[in-house]
Amino acid sequence: MSNNLRFKTSKFIDETYRVSFKFNNKTYFGFKGDTLASALLANGIHLVGRSFKYHRPRGIMTSGSEEPNAIIQLHDNSSRTEPNVRATEVEIYEGLVASSQNCWPSVNFDIGGINNLLSPILPAGFYYKTFMWPASFWEKYEYFIRKSAGLGKSPKVADPDIYEHNYIHCDVLVIGAGISGIMAAKMAAKNGFKTLLVDEKSYLGGSSIYDNSEFSKINNQLTSSWLEKEINEISKLENLEIKIRTSVAAYHGYNFLLARESLTDHLPINQRDNKVRHRLLKIRAKKVITATGSIERPLIFDNNDRPGILLSSAIKKYIDLYGVACGENNVLFTNNDTAYETAMSLIQRGIKINAIIDNREQVDSKICYEVEKNNIKIYKGFSVVDTYGYRRINKISIMKLSKDGQTVIGDKTKLNCDCLGVSGGWTPAVHLFTQSGGKLKFREEDQVFIPDVYPSDQISVGSCNGDFGLDEIIKNTLSSLKKFLNIDNSEYKTLEIISGLNQSKRNIWLLPSDKTIGKTKSFVDYQNDATSKDIKLALREGFRSIEHVKRYTTTGMGTDQGKLGNMHALGIISETAGTKMGEHGTTTFRPPYTPLTFGTIVGRNVGEFFDIFRRTPIHDWHVKNNAEFENVGQWKRAWYYPKENENMHQAVQRESKAARDSAGILDASTLGKIDIQGTDASEFLNRVYTNAWSKLAVGKCRYGLMLNEDGMVYDDGVTTRLGENHYIMTTTTGGAANVLGKLEDYLQTEWPELDVYLSSVTDHYATISVCGPNSKKIVSKVIPDLDFSDENFPHMSFKNAKIGNIKCKVMRISFTGEQSYEINIQANFGKSVWEKCMDAGKDFNITPYGTETMHLLRAEKGFIIVGQDTDATLTPIDLQMDWIVSKKKYDFIGKRSLYRSDTIREDRKQLVGLLTENPEEVLEEGAQIVSDVKKSPIEMLGHVTSSYYSPNLKKSIALGVVKSGKNMLGQKLIIPMENKNINVIVADPVFFDKEGKRLNAKL
Amino acid sequence: MFLINCPFCGEREQSEFKAGGEAHIVRPKQPTELSDDEWAEYLFMRKNIKGVQFERWNHIHGCRKWFNMVRDTSNDQIKAVYKMGEKPPVK
Ligand SMILES: [Zn+2]
């Protein structure tokens, strides 16, 4: 480690504020303002991780969100631990703890490095080719792959941080606060647009804010000084909101964008409690100005991935912004002018440049001459052909490029260096633009994709639009903003810009080597270890579409989504295949631009708010009385009420028996209830149910079955006629919302002439069902004023009544086969009426039962549950419910489908009862039903849909659907299980009280 | 996420709406007169085109009204919204 890597003259670093942090268990120091990457570099550390496939040593490569290598694990072993964090984006704070990932046992000695030696047998598609065959071996391979693969560790305990979501509406959103973004924000805000400016960094100004070059000036001021004044000015604008540390993750259609604002990640851990960590901003902007800048391209040559090899612009930023030298003996390797800016920054600080290797034969801009004047050796028309050094680069070899750039010629020269800056020109950051649906065009001169067709009210300015020179950037930003905002941009009338760079470039996607390609490792995707060789192999094997090549080689599929190398992959493909750039398409950039944590995505919807649930008005009573709950749709329903040491089976057997022996009570409040009114209400029911409704008398109830237009059973329930033009329909618990939606659909779109109004009243009522031979005695005590005699109040009828002063609706309907009364009362009285029923039933052993007992009791009666015994492939005829399908009605939903050639087939699956030969054997729901286990393949006839042990019949009962089941009564079938075959007899689905005597039984 | 101009409520987020398939498919008045093929045509056959499509939408978390929309499925541009029973204002 050397002490002269830090230049304490940067105004962005607070040298009075020393910060200590731990990296791989060693303590280091940096300053406030450092990123983890700049602090590590200042300590002479380049090697920070291992590559994914070959476990090659990798160093910090960039200075921003495009970083492919320096991805680390933050806060080891704490609840805040986070994998895949880019060291180039982490602002250091006192006590920061970070470590390398993807290496074991340590970053300096990594056992997986053996893959590097094995690389000749680890080509592209290796995993697909090898581990997929034979399929049965996958389990064995998987163990080893999982062990050695994977980046980082996920946290093992709950995230202690708070996250939230915010909606933002603005006239203009400016993404990126570089020089174009600052100008755009100022022009928009000053002209009356409500403007939001966001930038992912902790400071404003982009790369221009540390541009102190004498070669690019604005109004005869350094670019950095001029921009500082601009920033000062805009921070006072009322119309402008500025958010730093805010990264736009997604740009959707209609100018809807998602951004992550990071609020506490830069603070010491002990200052984060009770603060919001990230805010997910949901931005709807009328206009969007994208000023996301550009990303410098690496160069693709043999062994271009060693620690100490960085983008040339990153080296410049580490010097100018952080005051950190990446090396003491530098070589720059470029195909364009930008590396000379880096050279000037190095020269100004007195840092040694050993040489500049330039692909171009000619360099003739002012800045290049200035560099040459400083006695820097420039190798023109040369290329780097190899690099040396295991944990850090120490040497390179260079050769002369042939005229056509396809080969290298002459002697090999070796040069020493501890840092190599590479520059392959710039790639506009068009990720967000393409996410929004924008179409790109390819610009031949400098081989870049730039925005072409905008899908919404938006514009790209600055280098993300393909403008690279300062003069060009400013000129074009001004003119296109003027047009876009339809304004007079008088603020910037007199701008004189000097730019010392010219834009010449010698673009060679894959630089030639003196070795054959098979012997080289030229990385295109650093994170996923995809090389140029892999891409060529994919092409040889017949892949053509970029999307296929990408998946086969995994190029661009890392957490960095190939921000550095995607262009080279495209270039190599088109050169190899002899096609034009863009002809194979560009890869699709998908959100998020940079990864989001799960916490950010879910916001406050954690714990009990993760998935909303509904409680009945009687819920608290169930909780108090030890109920277990099950989720039904969004509802929490009482499932069973275990006593003392009862298990579920024991509780359900007891509840089921009590309900038939004396009395049971069920909270049925979750059933969907739809209030139907209007002069055409009866006609409407005629059309939506399979049976007839016109003749139902006021005060009577009827069971109805609803089909889809395809004839399949959709929902069922009892509907009661409350008045001449007034009904209340009940639906299944889970189906309530969909049924209402479906009915509304028909009313609004097919039958607008019907005078019918629907409203959901599910939540208005608590529904308490009291059943069993003693139910009448109990409800008579609760509602003493109502005449419960069978003459006055027969089965399938309804009465208005009062409990005290509170009105209620009582239906005598039954889903258990027992005499049964349903009290519907205003929801807030539900619990007290329930308690009244419990009181009144004390002498009759009234037993609360849950959904499981309800299911058992109805199965004894052969009543179906839509969604359990049916699955949208069964007609009422299949269910042996022909009796409910009206033959007289001209039409109802689904009628025509009941005699399509397919629905009248005799061999459809039909609902039957199943009795096991051994009455103690209970079948598994979902089990397959067959007739012959010897024939191979075994023909599947159907499956078990409901199965219980009936305490009232003292035997196992089941319902199932079986091909041609209707004609199989009494026949033996087989349920093959893992370790035995169970014999069953096909039976009538009604197992209990076939005549329905119990509905009116007198005790 | 689209912004949808509900003909009854005005501009709202797409998340308030539910798509309901192809528009202008009228339920036959006399289904029993139809052959299996004719009924199947009504029941099952729907267009799924890249380009201008006529669709039904429901403002399910708003006024709950159904309405029609003309949308270019290739770029999600909404060309028009109009009430049930009205003729499409664009082709
Ligand atoms: Zn609406």
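This is a predicted model: local features need pLDDT of at least 70, side-chain atom pairs count only at pLDDT 80 or more; totals for chains, interfaces and linings use all residues.
Residues are numbered from 1 along each chain as its sequence is written, chains are lettered from A and ligands numbered from 1 in the order in which they are written, and side-chain values use heavy atoms, with hydrogens and water left out.

**Domains of chain A**

Chain A is divided into domain 1 (3-117), domain 2 (162-294 + 428-499), domain 3 (308-424), domain 4 (517-590), domain 5 (667-857) and domain 6 (861-999), with bounds that come from an automatic or database domain assignment. On the domain 1 side, Y54(A), R58(A) and P68(A) supply 34% of the area buried against domain 4, more than any other three residues.

**Helix pairs in chain A**

Helices (H or I, at least four residues) and strands (E, at least two) are DSSP runs numbered from the N terminus. Axes are lines fitted to C-alpha atoms, for helices over the stretch in contact, and angles run from 0 to 180 degrees between N-to-C directions. A crossing is left-handed if the near helix is turned anticlockwise from the far one by less than a right angle, and right-handed if clockwise.

| Helix pair | Axis distance | Angle |
|---|---|---|
| α17(A) (648-661) and α22(A) (851-860) | within 9 Å | roughly 55° |
| α12(A) (532-540) and α13(A) (546-553) | within 10 Å | roughly 125° |
| α5(A) (179-190) and α6(A) (223-234) | 10 Å | about 30° |

The angle between α17(A) and α22(A) makes them oblique to each other; angles under 35 degrees count as roughly parallel, over 145 as roughly antiparallel, 65 to 115 as roughly perpendicular and the rest as oblique. Their crossing is right-handed, and the contact includes M648(A) and V652(A) of α17(A) and L856(A) and L857(A) of α22(A). By class, this contact has five nonpolar, three polar and four charged residues, where Ala, Val, Leu, Ile, Met, Phe, Trp, Tyr, Cys and Pro count as nonpolar, Asp, Glu, Lys and Arg as charged, and the others, Gly among them, as polar.

Helices α12(A) and α13(A) are likewise oblique to each other and their crossing is right-handed, with D534(A), I535(A) and A538(A) meeting V549(A), Y552(A) and T553(A). The crossing of α5(A) and α6(A), by contrast, is left-handed.

**Backbone sites**

Most residues other than glycine have a negative phi, and most peptide bonds are trans. A cis peptide bond joins P591(A) and P592(A), with omega about -5°, and P592(A) lies in the loop between α14 (566-577) and α15 (598-602). Another cis bond joins S936(A) and P937(A), again with omega about -5°. N24(A), in the loop between β1 (14-23) and β2 (26-32), has a positive phi near 45°.

**Chain B**

The secondary structure of chain B comes to one helix and six strands, running β-β-β-α-β-β-β from the N terminus on.

Key:
Contact means heavy atoms within 4.5 Å. Buried area is the accessible area (1.4 Å probe) that two parts lose on being put together, summed over both.
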